[in-house]
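Let's take a walk through this structure together. Have the sequence and the 3D view ready as you read.

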2 protein chains.
Amino acid sequence: MQIGVLGSGMVGQSIGGKLVELGHAVKVGTREPQKLAEWLGKVGGNASAASPAEAAAFGEIVFNCTNGVGSLEALQMAGEENLNGKILIDISNPLDFSQGFPPTLSVCNNDSLGEQIQRTYPAVKVVKTLNTMNTNLMVNPALVPGEHDVFVSGNDAEAKATVTNILKDWFGWQSVIDLGDITTARATEMLMPLWLRLYGVFQNANFNYKIVRG
Amino acid sequence: MQIGVLGSGMVGQSIGGKLVELGHAVKVGTREPQKLAEWLGKVGGNASAASPAEAAAFGEIVFNCTNGVGSLEALQMAGEENLNGKILIDISNPLDFSQGFPPTLSVCNNDSLGEQIQRTYPAVKVVKTLNTMNTNLMVNPALVPGEHDVFVSGNDAEAKATVTNILKDWFGWQSVIDLGDITTARATEMLMPLWLRLYGVFQNANFNYKIVRG
């Protein structure tokens with residue numbers, strides 16, 4: 001499959017690298033494609049770097065792996081015409097580091113970045129997921145033993161089913177919890193403060209949430 | 001031990017009932033003590049109902065089981081002089097139902113109700129805990145099988161150690177995670193949106209979070 005990955009940071013490289021490993025053709029969209037030269041050399045010929053618009057146009061499915069506070073601007077560069085009708089897997093968190101650590105959220109409580117993206121691009125099938133864990137764990141959940149959970153939020157049931165299959169069959173997730181429509185992205189984005197505090201306590205990012213039921 | 005419980009709702013009754021069962025003397029503080037007549041008949045003679053000020057004065061330790069949006073007012077009625085120097089175990093969440101369901105938080109992101117209480121009562125040892133699960137589970141974690149977590153946040157290490165012992169020895173918690181100072185109450189109060197969505201998905205409140213580590 002042809003897949004567009006917006007964002008060339010750790011998340012984009014991790015997702016992009018895994019997709020190439022799975023045999024997909026990946027175009028990473030970034031303002032500075034030259035910065036990906038080393039990474040491209042490592043992952044091999046099925047990956048390329050291009051502008052956000054080229055990456056979005058290339059992808060049958062597009063991953064938003066951009067920095068949350070820059071996501072709306074990055075998606076504008078990607079271009080509505082290159083995204084419309086497609087599934088956008090939104091992994092971003094609206095973390096605002098401008099006041100130092102720990103960051104606050106630039107949007108939360110009665111709105112979320114997932115909803116902002118969905119409102120801005122009504123013809124895009126936004127599915128929020130994978131935004132509640134460390135980058136490495138996203139594509140290799142076995143790094144944490146046993147069963148633990150990843151959440152999906154989105155308005156389009158078929159898109160969520162496709163993303164659930166991607167999470168399970170491609171990335172190896174055993175437990176995917178569908179929280180509901182895109183407004184439920186508030187819930188997972190608002191998990192970030194707990195994640196950051198737990199990271200501070202453990203001094204290690206290799207952990208995840210498991211919902212245990214009685 | 002003499003324990004004050006502020007709030008006569010489900011949380012206050014659950015905590016108060018368990019404390020009586022454990023052999024403690026409990027005074028529940030409420031504006032409408034007459035409403036507790038039936039409950040008092042059920043739990044027996046070691047419990048009583050009184051004003052918030054009387055309950056706070058009575059308690060060697062005080063539980064805040066009031067509705068989050070009314071907590072600061074309730075604590076004002078309890079009286080600073082009756083709380084100073086004591087441990088206040090704060091179980092409240094600042095849920096604002098004024099715009100319908102799901103509720104939003106009346107404070108979050110760069111502040112929390114736990115911090116507001118600590119700022120308002122600097123000589124009180126506020127420990128935020130038990131605010132991330134269903135009422136029944138608070139005092140009976142075995143309702144959900146296996147190990148799962150409860151968090152504590154607070155500025156006073158000794159107070160947190162005392163509360164951790166209460167959680168373990170009195171209520172039966174196996175895993176207590178100390179997140180840090182009272183600013184970490186933001187993290188657990190901001191878990192409420194996820195809890196509410198999971199409750200919507202499961203149609204059952206008998207679940208909890210387990211942090212699984214690699």
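This is a predicted model: local features need pLDDT of at least 70, side-chain atom pairs count only at pLDDT 80 or more; totals for chains, interfaces and linings use all residues.

Residues are numbered from 1 along each chain as its sequence is written, chains are lettered from A and ligands numbered from 1 in the order in which they are written, and side-chain values use heavy atoms, with hydrogens and water left out.

Start with the symmetry. Two copies of a chain are related by a rotation about an axis and a shift along it.

Now look where the chains meet. In all, 34 residues of chain A are in contact with 34 residues of chain B, contact meaning heavy atoms within 4.5 Å. The area buried between them is about 3,000 Å², and carbon and sulfur atoms give 68% of that (buried area is the accessible area, with a 1.4 Å probe, that two parts lose on being put together, summed over both). Arg197(A), Val212(A) and Arg213(A) supply 19% of what chain A buries against chain B, more than any other three residues.

Which strand pairs with S11(A)? Strand S11 (residues 207–213) of chain B does, in the antiparallel sense over 7 bridges. Strands here are DSSP runs of E with at least two residues, and helices are runs of H or I with at least four, numbered from the N terminus; two strands pair if DSSP finds at least two bridges between them. Within this pairing, Tyr209(A) has Ile211(B) as its bridge partner.

Finally, some backbone details. Most residues other than glycine have a negative phi, and most peptide bonds are trans. The bond from Phe101(A) to Pro102(A) is cis, with omega near -5°, and Pro102(A) sits in the loop between strand S6 (95–96) and S7 of chain A. In chain B, the bond from Phe101(B) to Pro102(B) is cis, with omega near -5°. Asn109(B) has a positive phi of about 75° although it is not a glycine.
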